[in-house]
Amino acid sequence: MDFLIESVLKVAVVFGVLLGSVAYTTLLERKFLGRLQVRHGPNRAGPFGLLQPLADGLKFFFKEDIVPANVDKPVFILAPVIALVPAICIVAVIPFGDSVTIFGREVKMHITDMNVAVLYILGLSGIGAYGAMLGGWASNNKYGLIGAMRSGAQTISYELAMGMTLVSIIMMSGSLSLTKIVAGQTFYWNIFFQPVAFVLFIIAGLAEINRTPFDMPEAEAELACGFNIEYSSMKFALFFMAEYAHMISLAAITVCLFLGGWNLPFGWEVPFVPKIFWFIAKVFLLIVFFIWERGTFPRLRYDQIMNLGWKWLMPIAIVNMLVTGVVMTLIG
Amino acid sequence: MLQNFVPVLILFLFAAAFGLGVLLISSLLGPKRPTAAKQATYECGMDVQPDARRPLDVKYYLIAMAFLIFDVEVIFLYPWAVQFKSLGLFGFIEMLVFLFILLVGYAYIWKKGVLEWE
Amino acid sequence: MDFTFATEQKFLVLIADIAFVGFIVATLFGGIVAVGARQLIHAVLGLIMSLMGVAGLYVYLGNHFIAAMQILIYVGAVSISMVFAVMLARPPEDAKAKPLMFATKIGSGAVIALFAAFVVGRAVIAHPWVKAATVVKEGTIRQIGENLLTTNVFVFELISLVLLVAITGSVIIAKRGRDNTDQQGGGV
């Protein structure tokens, strides 16, 4: 029973931490964006607005859930759940740290160590594309439908670029397991050898989760919110949470693939600091970066986005892969 | 094997229960005062012109087809990438041939304007 | 200590068996939805559910790579293009084919199922089965990579040719189909 209890506890902790991070990432984003735009951001609910996510959540519960008359009801209701569940399930394969000893028992700091973790992540983000597409289609609204189509086409295009980019990392690590990929970076992080892949991965990741500057599916100015236009109350909140969960897991995956996971570079060790601290710090910095770039870049046009994905990222990823192959063959 | 997938199953159940449960609770707590205007499709306040579900640009479908083809290709790159070190030069050359054939397809769809958006 | 380990293994196996039944139910239920749904998109959703159920079966059998491929290719790519195709298609009113009678559906379904069961059953009986422990070693991603690029190189290169033909064909068909019919369908 030990293993089962341990698993359930671990899942509960990770699940709770993820939901908490989602809630407070929204606050961080609003605060930081506010500062970037020389205003305060939310500061009424609690000290420094720290209770804002709680207030938002409660408000969502008590709002009327409007279901427009001519929607496709089962799909309309299921779409937010379809968006959220894969976004949460991605964290199952992410290693947060080495192992710790609790009550004389060695506990590994990941929910599971899957030998096809990278494919699992790609597959789940592919399923995540359905949430937005089905939601927009079921709404029976022109803006919603256009947003849905854009979201679907954009997500799959960049998933391809992302898949191509990852091949060079897999070639170096020789494994699809994130735990092994992190274990291979105790001395040199992958970003030192693969800076191009790192940039490609960040761009493709941001585009795949439809984040600014690639937020075409919900371009406020032209699509009035896009695929979630007809959604209200908790259904809207689920789409929102899915987006932030994707953002957090993108940051965590980037840290595992390129930034050494829980390791410091060059085998440095700092006494008395648990390794998971470095992991959390890196994820936090990446999330701050994602918010910062949202405050900085203007939104791209849709044709520019598709061009970038198909005509730039993909060829560059292939070339990067070939260069990696040649160099690795030459070195031995 | 079981050790690897039971935790994922547990997480999936957690996530699904959370999603559905939250929807259920909010449907119990929230008010329900539907009116015809509230339930109308949102379109800038004007009367909604015909059905939203009309045929879309074929472009999206072509992109989906191109994605399908290249996605299968990428997935076949993974077993090679995992074994790259032990397969060595010969494996690399085989992969070059594989890639070259597909790059012909890539050049073709580019030439045919599948990747052009106005 | 031995005792707890044994009970835990039993418990895990029990969970796996429940999951197995769940996957079977998902596969069958999804299949029924895919066949019976009136809305095309519901049918596609049913198909997706069925495909995920099959992926679950692969996981149950211990082959994670095939399961991941199933999700990535069939759920993530093939079904997505089906969703695009459904959205691309004309709204249902001008596609009013007369639905088959229920009895005809059941009857033809039963015939096909029997035939499939016969073919698969023969193959199952004819196949020399090995103990599960040895099977698990095969079909890992390493094995597949090794086999694809050494013993089955020809097949491997053929895959890329097939994909090339597929992309060319789909572009040609999609382009021609649009030019012959009206041009005003697009614009989104």
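**View 1. Crossing of helices α1 and α11 in chain A.** In this predicted model, the axes of helix α1 (residues 2-36) of chain A and helix α11 (residues 275-296) of chain A cross at roughly 45° and come within 10 Å. Axes are lines fitted to C-alpha atoms, for helices over the stretch in contact, with angles from 0 to 180 degrees between N-to-C directions. α1(A) is therefore oblique to α11(A), the class left after roughly parallel (under 35 degrees), roughly antiparallel (over 145) and roughly perpendicular (65 to 115). The crossing of α1(A) with α11(A) is right-handed (near helix turned clockwise from the far one by less than a right angle).

**View 2. Residues joining α1(A) and α11(A).** From α1(A), A:Thr25, A:Leu28, A:Glu29, A:Phe32, A:Leu33 and A:Leu36 take part; from α11(A), A:Ile287, A:Val288, A:Ile291, A:Arg294 and A:Gly295. Contact requires C-beta atoms, placed from the backbone, within 7 Å. These residues comprise 7 nonpolar, 2 polar and 2 charged (nonpolar: Ala, Val, Leu, Ile, Met, Phe, Trp, Tyr, Cys, Pro; charged: Asp, Glu, Lys, Arg; polar: the others, Gly among them).

**View 3. The side of chain B that touches chain A.** Contacts link 51 residues of chain B with 57 residues of chain A. The largest share of this side of chain B, 19 residues, belongs to α1(B). Its residues divide into 35 nonpolar, 8 polar and 8 charged. Helices are DSSP runs (H or I, at least four residues), numbered from the N terminus.

**View 4. Confidence along chain A.** The average pLDDT (predictor's confidence in each residue, 0 to 100) of chain A is 86, and 96% of the residues score at least 70.

Residues are numbered from 1 along each chain as its sequence is written, and chains are lettered from A and ligands numbered from 1 in the order in which they are written. Local features need pLDDT of at least 70 and side-chain atom pairs count only at pLDDT 80 or more, whereas totals for chains, interfaces and linings use all residues.

Definitions and conventions: Two residues are in contact if their C-beta atoms, placed from the backbone, lie within 7 Å. Helices (H or I, at least four residues) and strands (E, at least two) are DSSP runs, numbered from the N terminus.
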